[in-house]
Each structure stands twice: as structure tokens, then as C-alpha cells.
Amino acid sequence: MEERIALIEEVCGHDARITVGSFEGLLVNHAVERGATALVRGLRAVSDFEYEFQMAHMNRKLNPDIETVFLMAGEE
């Protein structure tokens, strides 16, 4: 987990609007605790989209104020 956090901070840490960390429990609850308004999720394949689409809908039911944004990853 520490290595993943360090890699993300290396890429995005210069932007004060972005925070990186880990948590336990529901993502939408963690987002509220952190004051987040959007969740950014990466997609690698169609199967990722199907799963993430279901999760985004459930998160929207739990908290309609938090938006989910999907980014398509490159093949590498």
C-alpha cells in the first residue's frame, strides 16, 4: 500500500486539490470524511467497466453528491 501511495503522490502530489491515502470501509463514506466531491476510477477492460458501473450506481444511491469519473488506462 505504501508503494502505491508513493507512486500516486509522485504523479499527482504537486496538485494541492488531490489527496492520496488508504482507508477501511465504504469508499463513499471515506470520500465524505475527506470532503471529496468526485471519485476517479481507472478502467483497463470491459469487465472493469461492468463492475465499476455497478459500484458507481451504488455509491450514487448512498450519496448523490459524489460524482464518479472513469479514465481509460493505456494497454501498458
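I take helices (H or I, at least four residues) and strands (E, at least two) as DSSP runs, numbered from the N terminus.

The model is predicted, so I note that local features need pLDDT of at least 70 and side-chain atom pairs count only at pLDDT 80 or more, while totals for chains, interfaces and linings use all residues. Residues are numbered from 1 along each chain as its sequence is written, and side-chain values use heavy atoms, with hydrogens and water left out.

Entry one: the largest pocket. I use "pocket" for an open set of points on a 1 Å grid over the protein atoms alone, where a 1.4 Å probe fits, with protein on both sides within 12 Å along at least five of seven lines; lining residues have an atom within 4 Å of a point. Its volume, the space filled by probe spheres set on the points (joined across faces, edges and corners), is about 1,500 Å³. I find 31 lining residues, and Ile8, Val20, Gly21, Val40 and Arg41 are the closest to the centre. Helix H1 (2-12), helix H2 (27-34), strand S1 (38-43) and helix H3 (46-62) each give two or more residues to this lining. S1 gives the most, 6 residues.

I sorted the lining into 17 nonpolar, 7 polar and 7 charged residues. Here Ala, Val, Leu, Ile, Met, Phe, Trp, Tyr, Cys and Pro count as nonpolar, Asp, Glu, Lys and Arg as charged, and the others, Gly among them, as polar.

Leu27, Arg41, Tyr51, Met55 and Asn59 are the closest to its centre among 14 lining residues. H3 supplies the largest share of that lining, 7 residues. I count 9 nonpolar, 3 polar and 2 charged residues there.
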